[in-house]
Amino acid sequence: MNVALLLDMVADGLGDRVAVGSRHDGLSYDTLRRYAASATTRVQENGATTVAVVEPNGPVVPVALFAAAWTGCSYAPLNYRLPETAIEELLARLQPAVTASAQEWIAPESSENGRAEYPQDPDRPAVVLYTSGTSSTPKGAVLGHQHLTSYVLTTTEFASAEENEANLLAAPPFHVAGVVAVLTSTYAGRRIVPLPRFTPEAWIDVARREHVTHGFLVPTMLARIVDVMDHDPDARVPSMRRITYGGARMPRSMLERALALFPDVGFVNAYGLTETSSTVCLLGPDDHRNAFESSDPAIRRRLESAGRPLPGIEIRIDSAGGVAAPGQPGEILVRGEQVSGEYLADPSKRNDAGWLHTGDLGFVDDDGYLFVVGRADDMIIRGGENLSPTEIEDVLLQYPGVGAAAVVGLPDAEWGERVAAMIVPARDARELSMDDLRAFARERLGSLKTPEILATCEELPITATGKVLHRAVRADLEERA
Amino acid sequence: MRSDDEDIDLRCGGQPMVPLGEEPSAGLSLEPAFAEGTAIGKRYTNETGKLEILCTKPGAGSLSIGDELLVLKEAKPLPSSD
C-alpha cells in the first residue's frame with residue numbers, strides 16, 4: 001500500500017479542512033493533494049528516482065513527501081544545516097534526484113485535480129533517512145511503503161482528529177519523527193503547523209498563536225521550553241493537550257518538572273528507531289500521571305519507562321545467556337511489520353527470524369514495561385562492572401544548579417575505565433562546587449559509579465536530531481584530564 | 001490489511017470485487033441484502049476476526065465474503081505518538 005493513499009483518502013473525506021499552516025490561510029487537504037500531484041510532473045521531467053528536501057519545516061515538506069510517493073520515488077529529507085559539500089556528497093549518493101523547492105513547488109501553475117494514478121506497491125523505498133552520524137559515515141536507512149503504512153494504520157484512525165486539533169511540527173524533516181508526524185497527522189486529519197527553526201520562545205509563541213494541541217519534542221527541546229517557562233509565568237500554552245517525547249533518553253527530573261508545568265497535558269514517551277519507522281513502545285498519559293502521583297517507588301519509576309509495545313510489535317531482551325528473564329538487562333530486539341532495518345546498498349540488519357538488534361540496552365519489568373538503559377556502545381566497564389552512564393547522569397541532574405550532564409568512560413590503566421562527567425550549569429546557577437557535587441553523587445551511587453573527573457562546559461555537543469554525542473564529550477574530557 | 005487465506009471470495013454490494021485496474025463485468029447491480037454501505041477509513045472484519053479490510057473508497061455496497069456480511073471493527077485508539 002502506497003503512503004500516497006493516506007493523503008488521497010483524507011483529501012476525499014476531509015478535502016476542505018486545513019492540512020498545513022495557519023488556521024486562516026493554510027493549505028487544505030485538497031490543495032495539498034493538488035500540489036503533490038502537480039509536483040509529480042517536475043519529478044518525472046527530471047527522470048528522478050529520489051525527491052530530496054534540503055529545507056526546514058514548511059509546506060514543501062508534505063508536498064515533496066507525497067509527490068515522491070505519487071511517482072514511486074524515494075523521499076530523502078537532508079539536514080539543511082550541513083556544510084554544502086556534505087549535502088552535495090549525500091545528494092550524489094541519491095542520483096538521479098530532484099530537489100524540492102519551497103518557492104516553486106508551493107505555487108504550481110497547472111490546475112491538476114490530484115486524481116492522477118500512482119503505483120500501488122512501488123519497488124523503491126518510500127523514505128531514505130541518513131542516520132545522525134554518531135558513527136563516522138552517515139548511513140542511509142530506508143523505510144518501505146509497507147513499513148510506514150503498517151505504523152500509520154496501527155497507531156492512527158482515519159479522520160479521527162477533531163477539527164480544532166493542530167500538531168506543532170518541531171522535529172526537523174530529516175528526523176524519523178518529522179517524517180511519520182506528517183503521515184499520521186495527515187491520516188488523522190490533524191492540521192500540521194510547521195516550525196521552521198526551533199527555539200523554545202518560538203515554540204511557545206507559535207503554539208499560543210495557532211492554538212496548538214499536540215506536539216513531539218526531543219528531550220533537549222522540552223528541557224529548553226521548561227527552562228523558559230520556569231522563568232516566565234506568562235509563557236504558557238493553554239490549548240496544549242498532548243506532548244510526546246522521544247529520540248533520546250528523558251531524565252526523570254526533567255520530566256517531573258514538565259509534568260508540573262503542564263498539569264493538563266497528557267504526556268507520551270515514544271521509544272523507537274529510524275530503522276523501526278519510529279515508535280515501537282509507548283508510555284501513555286495515564287501511566288505518566290499515575291506514576292507522577294504515586295508514592296510507591298516501583299510505580300513512580302515508570303516515569304523512566306518507555307512503556308509497552310504497540311499492537312503487533314514484539315520486544316525481546318537478549319543477554320549473554322540467551323533470552324533474558326523479566327528484570328534482567330540485555331540488548332533490546334524488536335520485530336514487527338513496521339521494522340525495516342534496511343540501508344541503501346546494504347542488506348537488512350534483521351535476522352532470519354525478523355528480529356532487529358537495536359544496539360540499545362534495557363530490561364522489561366514484570367508488568368511488561370520496557371526500560372531503556374542506554375546505548376550498548378556507551379556503557380562504561382570499570383573493574384569488570386557494567387556502569388550505565390544514564391543512571392549516573394540522572395543522579396547528577398538532581399543536584400541543584402546542574403542543567404545538563406553527560407557521563408562517559410575514560411581509559412584507566414588499573415580499572416579499565418574510569419567515570420568522567422561533563423556538566424552544564426543551569427542558567428541561574430550560582431557557583432557550582434564540583435567537590436560538593438561529587439559528594440552528593442557518592443552518597444547516592446557509591447564510590448564505584450561516582451565520577452572521578454568532573455568538568456563544566458557551556459553546552460553539550462548534540463547531533464542535529466537531539467542526541468548527545470558521547471564520543472565528542474569523551475574526546476573533550478580526555479584532553480582536559 | 002490482514003487475511004489468513006489468500007483466496008477469498010470478497011464481494012461488495014453482493015458482486016465480486018476485481019483487482020485494481022481491472023474493469024468489473026457489465027450489467028451488475030447492487031443486491032438489496034448488501035446495500036448498507038461501506039465508509040471510508042473504516043475497518044471491516046469477519047466472524048473469526050482473522051480478516052481485516054480497510055475501506056479506501058466509500059460506496060453504497062456492503063462488503064461480504066461470499067454471503068457472509070463483514071462487520072464494522074471498533075477502533076481501539078492509541079494515544080497519538082507523533
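Which residue of chain B forms a salt bridge with Glu157(A)? I looked this up first, and the partner is Arg43(B), with the closest N and O atoms 3.1 Å apart. For my notes, a salt bridge puts a side-chain nitrogen of Lys or Arg within 4 Å of a carboxyl oxygen of Asp or Glu.

**Ground rules.** I am working with a predicted model, in which local features need pLDDT of at least 70 and side-chain atom pairs count only at pLDDT 80 or more, while totals for chains, interfaces and linings use all residues. Residues are numbered from 1 along each chain as its sequence is written, chains are lettered from A and ligands numbered from 1 in the order in which they are written, and side-chain values use heavy atoms, with hydrogens and water left out.

**Chain B against chain A.** I found 15 residues of chain B and 32 residues of chain A in the contact (heavy atoms within 4.5 Å). The two chains bury about 1800 Å² between them, 58% of it on carbon and sulfur atoms. Buried area here is the accessible area (1.4 Å probe) that two parts lose on being put together, summed over both. On the chain B side, I noted Leu78(B), Ser81(B) and Asp82(B), which supply 36% of the area that chain B buries against chain A, more than any other three residues. The rule finds two salt bridges across this interface.

**Inside chain A.** Next I turned to the domains, whose bounds come from an automatic or database domain assignment. Chain A has domain 1 (4–304) and domain 2 (379–480), and their C-alpha centres lie 32 Å apart. I see 20 residues of domain 1 of chain A touching 13 residues of domain 2 of chain A. About 1400 Å² is buried between these domains, with 53% given by carbon and sulfur atoms. Two salt bridges turn up across the domain interface. I also looked up Arg249(A), which forms a salt bridge with Asp394(A), the closest N and O atoms being 2.2 Å apart.

How much space lies in the second largest pocket? I read about 1600 Å³. Of its 38 lining residues, the closest to the centre are Met17(B), Val18(B), Leu20(B), Leu54(B) and Thr56(B). A pocket is an open set of points on a 1 Å grid over the protein atoms alone, where a 1.4 Å probe fits, with protein on both sides within 12 Å along at least five of seven lines; lining residues have an atom within 4 Å of a point. The volume is the space filled by probe spheres set on the points, which are joined across faces, edges and corners.
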